[in-house]
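Subject: Structure handover

Hi,

Here is the structure you asked for, with the sequence alongside. My notes follow below.

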Amino acid sequence: MDTPKTPPQKSHGRKTIRPTLKPRELMESAPDLARAWKAQVITLLPDAFPGILGESLTGRALKDGLWQLETIALREFGEGKHRNVDDTPAGGGAGMVLRPDIMAAAIDHARARIQPAAPLVYLSPRGRPFTQAIAQDLAQGPGVSLICGRFEGLDQRVIDHYRIAEISLGDFVLTGGEIAAQAVIDATIRLLPGVLGNEASTEEESFSDGLLEHPQYTRPAEWRGQKIPDVLMSGHHGEIAKWRRAQSEGLTRQRRPDLWAAHHPKPNSD
Ligand SMILES: C[S@@+](CC[C@H](N)C(=O)[O-])C[C@H]1O[C@@H](n2cnc3c(N)ncnc32)[C@H](O)[C@@H]1O
């Protein structure tokens, strides 16, 4: 296949800052920020990035160089005049499948531009369900290369050849992997030092200790006849912590028996 003449990736990050910069305008070539956590996304829709990641705290952190984003446009590796990237499924059936040779060229290009310890991940409904623990693992490493599927997905041989880990956003089918990639990146970068103003807040959130978070309240003290629970207004930190813990445990037991069982394994009966 013919390789692209110009590098098909766009980098997003600190070297591109101008005071009036809009999220899409972060998409200018930027030299690698040597120590910043790096997300690479192989996609047919590079214009979908940075998307929501260019907003609010994640967008600010991107501009400040706390993490970097590189999109790799799969189409640029496509074959022929129309840069074809897909073909009909072997054995018949509806839809199209992303070709292994085209995807392999994009993967080789991507992997040469990221530290080898960064995992290579395919967003897929068949994958391991994404969890806070996976986000924590990713945040500990140098970054991640994410592959977004489209159509019927990716030829199995490329998954096997590169031993690509598969991660799912949940038991539903999206049109493509881009929303899933943004969710994985968002959940991970908010765990990087400095991205959230108040780092303690990630320690008290849902899943951080295997439980769902307690309910939250703010002013006004009474709204439509409902008061904030007295204990939260008492100023008694010990009692507040106890109340929050009990709420957390109750909610987890009621709504997520799977999490509760993992958090509170039944004593061995033998
Ligand atoms: C229409 S889906 C393909 C679904 C595939 N034929 C199947 O039944 O498993 C196209 C792409 O969307 C992405 N995708 C869809 N659902 C997803 C999910 N729950 N989690 C992560 N990625 C998903 C994957 O990248 C997938 O290759």
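In which loop is Pro50 found? Pro50 sits in the loop between E2 and H1. First, the overall picture.

**Overall**

This is a predicted model. Its mean pLDDT is 90, and 86% of the residues reach 70 or more. Two stretches need care. Residues 1-7 stay under 50 in pLDDT, and the model gives them eight contacts beyond four places in sequence. Residues 15-20 are also below 50, with seven contacts beyond near neighbours in sequence. Where pLDDT is low, the predicted coordinates should not be read in detail.

The protein has 270 residues, and 31% of them are buried. Its secondary structure comes to nine helices and 10 strands. Take the contacts between residues at least 6 apart in sequence: 75% of them join residues at least 24 apart.

**E2, H1 and E3**

Strand E2 covers residues 37-43 and pairs with E3 in the parallel sense, over seven bridges. Ile42 stands opposite Ile72 in E3. Between the two strands the chain passes through helix H1, residues 56-63, and this β-α-β crossover is right-handed.

Strand E3 runs over residues 67-73, and seven of its seven residues are buried. Trp67, Leu69, Thr71 and Ala73 point one way from the strand. Gln68, Glu70 and Ile72 point the other way. Note that Gln68 and Glu70 are among the buried residues here.

**The core**

The largest nonpolar core has 48 residues. Those with the most contacts inside it are Ile42, Ala106, Val121, Leu123, Leu146 and Ile147. Helix H2, residues 100-111, gives the largest share of this core, with six residues. In soluble globular proteins, nonpolar side chains tend to be buried together.

Leaving aside neighbours within four places in sequence, Ala106 is in contact with Ile42, Ile72, Leu74 and Phe77.

**Helix H3**

H3 spans residues 132-140, and Ala135, Leu138 and Ala139 are buried in it. Seen down the helix axis, these buried residues fall within an arc of 100 degrees, so they line one face of H3. The face turned away from them carries the exposed residues Ala133 and Gln140. What does the buried side of H3 pack against? Its buried residues pack against strand E7 (143-148) and helix H5 (178-189).

Ala139 is worth a separate look. Ala139 has 20 other C-beta atoms within 10 Å, so it counts as buried. Beyond its neighbours within four places in sequence, Ala139 is in contact with Thr188, Leu191 and Leu192. Arg190 is 51 residues from Ala139 in sequence, yet the two are 8.8 Å apart in space, C-alpha to C-alpha.

Most residues other than glycine have a negative phi, and most peptide bonds are trans.

- Arg219 to Pro220: a cis peptide bond, omega near 5 degrees. Pro220 is in the loop between helix H6 (200-203) and strand E9 (222-223).
- Arg83: phi is near 50 degrees, a positive value in a residue other than glycine. Arg83 lies in the loop between E3 and strand E4 (86-87).
- Arg163: phi is positive, about 50 degrees, although the residue is not a glycine. Arg163 lies in the loop between helix H4 (156-161) and strand E8 (165-168).

How exposed are the two arginines? Arg83 has 16 C-beta neighbours inside 10 Å, so it counts as partly exposed. Arg163 is exposed, because it has 8 other C-beta atoms within 10 Å.

Best wishes

Technical notes. Residues are numbered from 1 along each chain as its sequence is written. This is a predicted model: local features need pLDDT of at least 70, side-chain atom pairs count only at pLDDT 80 or more; totals for chains, interfaces and linings use all residues. pLDDT is the predictor's confidence in each residue, from 0 to 100. Two residues are in contact if their C-beta atoms, placed from the backbone, lie within 7 Å. A residue is buried if 20 or more other C-beta atoms lie within 10 Å of its own, exposed if 12 or fewer, and partly exposed in between; C-beta atoms are placed from the backbone. Helices (H or I, at least four residues) and strands (E, at least two) are DSSP runs, numbered from the N terminus. The arc is that of the directions from the helix axis to the C-beta atoms. A nonpolar core is a set of buried Ala, Val, Leu, Ile, Met, Phe, Trp, Tyr and Cys residues joined through C-beta atoms within 7 Å. Two strands pair if DSSP finds at least two bridges between them. A crossover is right-handed if, with the strands pointing away from the viewer, the path from the first strand over the helix to the second runs clockwise.
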